[in-house]
Amino acid sequence: MRSEPLAWPPVSAQAASLLEEAADLLVLHRDFAAAVERCEAGCDSLGTGTGHGPESSAAEVKCSLCVVGIQALAEMNRWREVLSWVLQYYHVPEHLPPKVLELCFLLYSKVGEPQVMLEVGSSWLRDQANRSLPEYGSLLELYLVHVLLPLGRFEGAEELVRGCEVFDSQQQLAFLGTIGESRCQWARQEEMRSAAEEQQDEATESVLGALSQKLLTTLTLLRRALRSMSSHFYLLPYKKMLLATFLLYLVVVRLDPASPTSLPFIYKLVQLFRQAWAAVFSPLHRPPIQD
């Protein structure tokens with residue numbers, strides 16, 4: 001008798017079909033939004049009761065759907081949504097498949113946000129069930145290189161390496177050496193950053209000093225100019241101007257300009273105005289007279 005091929009369960013068959021469509025949309029058609037929709041529909045069809053172990057075919061389909069979805073979200077520059085997107089289907093970090101966790105490590109390291117995976121990776125690595133997985137050692141290495149060391153968590157990295165039962169003594173020494181080199185490099189970068197900040201502060205202080213000196217010089221010149229103008233105005237014949245104003249008041253208000261007795265006052269007023277005009281517009285300020 002010819003053996004019949006194993007058939008997918010109805011729910012898994014539907015999810016597998018959606019996975020195939022999502023992969024085609026991602027790779028062939030480059031329709032990333034539609035690919036994410038297919039992945040979400042496939043994960044929803046599997047429900048929350050899907051097994052998390054590698055022996056479950058439904059778990060494999062679900063993991064593959066999440067992998068395709070992560071790639072599609074990254075292509076749309078929606079990488080900030082990746083972690084929350086996968087956690088809505090796995091609920092806790094400890095249940096993330098190794099492949100999904102690996103992609104998250106690499107993605108958030110590439111975009112310069114390794115702190116997003118700090119607690120997630122720590123929770124996954126502390127889980128006792130995950131320590132028996134064959135991918136545990138490689139994921140711990142990724143966590144060290146792409147999360148802990150870029151964040152300067154050297155003590156936590158050393159503690160994690162020493163407490164890891166997967167690594168033998170030689171591997172532990174190699175990782176501890178890598179951590180030490182990273183610590184030294186971090187210290188050199190901090191020194192260079194501090195020196196650059198000090199130079200920037202000195203440059204800022206020198207610029208502010210130069211601006212302050214220029215401002216002081218400008219204020220000094222302005223004060224001298226105001227003092228010169230005030231001394232010039234003090235020399236003006238204010239008494240004569242007041243007298244001329246008073247006489248003008250008498251002529252206009254109290255005297256009759258048509259009366260012969262008012263002519264001497266009017267003549268005197270004209271003379272005072274001429275003297276005041278000559279004092280205000282001295283030859284220094286008077287416009288040149290052209291022939």
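Me: What share of the residues in the chain is buried?
Reply: The model is a predicted one, and the values discussed here are computed from it. A residue counts as buried when its relative accessible area is under 20%. Of the 291 residues in the chain, the share that is buried comes to 31%.

Me: Which pattern does the chain follow when it is read along the sequence?
Reply: The chain has eleven helices and zero strands. Read along the sequence, its pattern is therefore made of helix symbols, with the helices taken as DSSP runs and numbered from the N terminus. That pattern is α-α-α-α-α-α-α-α-α-α-α.

Me: Are the buried residues of helix H8 on the same side or on opposite sides of the helix?
Reply: Helix H8 spans residues 154-162, and its buried residues are Phe-154, Ala-157, Glu-158 and Val-161. Around the axis they cover an arc of only 95°. The exposed residues Glu-155 and Glu-159 are carried by the face of H8 that is turned away from this buried side.

Me: How many residues apart in sequence are the parts tied together by Arg-38 and Glu-21?
Reply: The structure holds six salt bridges, and one of them is formed by Arg-38 with Glu-21, whose closest N and O atoms are 2.9 Å apart. Arg-38 lies in helix H2 (residues 32-46) and Glu-21 in helix H1 (residues 10-27), so the pair ties together parts whose separation in sequence is 17 residues.

Me: Where do the two partners of the salt bridge between Arg-30 and Glu-75 lie?
Reply: The closest N and O atoms of Arg-30 and Glu-75 are 3.7 Å apart, and a salt bridge is counted when such a pair is within 4 Å. Glu-75 is partly exposed, its relative accessible area being 44%. The pair ties together parts that are 45 residues apart in sequence, because Arg-30 lies in the loop between H1 and H2 and Glu-75 in helix H3 (residues 57-75).

Me: What distance separates the C-alpha atoms of Leu-19 and Val-68?
Reply: Leu-19 lies in helix H1 and, at 18% relative accessibility, counts as buried. Along the chain Leu-19 and Val-68 are 49 residues apart, while the separation of their C-alpha atoms is 8.1 Å.

Me: What distance separates the C-alpha atoms of Val-120 and Pro-93?
Reply: Val-120 is found in helix H6 (residues 118-126), where it is buried with a relative accessible area of 8%. Val-120 and Pro-93 are 27 residues apart along the chain, and their C-alpha atoms are separated by 5.6 Å.

Me: Which residues make the nonpolar surface patch of about 390 Å²?
Reply: One of its members is Leu-219, which has its place in helix H9. Leu-219 is partly exposed, with a relative accessible area of 47%, and a patch takes in residues with over 30%. The patch of about 390 Å² is made by Leu-215, Leu-219, Leu-222 and Leu-226.

Me: Which residues gather in a patch of negative charge on the surface?
Reply: Glu-197, one of the members, is found in helix H9 (residues 169-234). Its relative accessible area of 45% makes Glu-197 partly exposed. The residues that gather in this patch are Glu-197, Glu-198, Glu-202 and Glu-205.

Me: What value is phi of Asn-77 near?
Reply: Asn-77 lies in the loop between H3 and helix H4 (82-90), and at 54% relative accessibility it counts as exposed. Its phi is positive in a residue other than glycine, with a value near 60°.

Conventions: Residues numbered from 1 in each chain as written. Predicted model: local features only at pLDDT ≥ 70, side-chain atom pairs only at ≥ 80, totals over all residues. Heavy atoms only, no water. Buried < 20%, exposed > 50% of the residue type's maximum accessible area, 1.4 Å probe, protein only. Helix = DSSP H or I, 4+ residues; strand = E, 2+ residues; numbered from the N terminus. Arc of directions from axis to C-beta. Patch = residues over 30% accessible without salt bridge, like charges linked within 9 Å, V, L, I, M, F, W, Y side chains within 5 Å. Areas by Shrake-Rupley, 256 points an atom, 1.4 Å probe, with all protein chains shown as cover. Salt bridge = Lys/Arg side-chain N within 4 Å of Asp/Glu carboxyl O. Lys, Arg positive; Asp, Glu negative; His and termini not counted. Charge placed at Lys NZ, Arg CZ, Asp CG, Glu CD.
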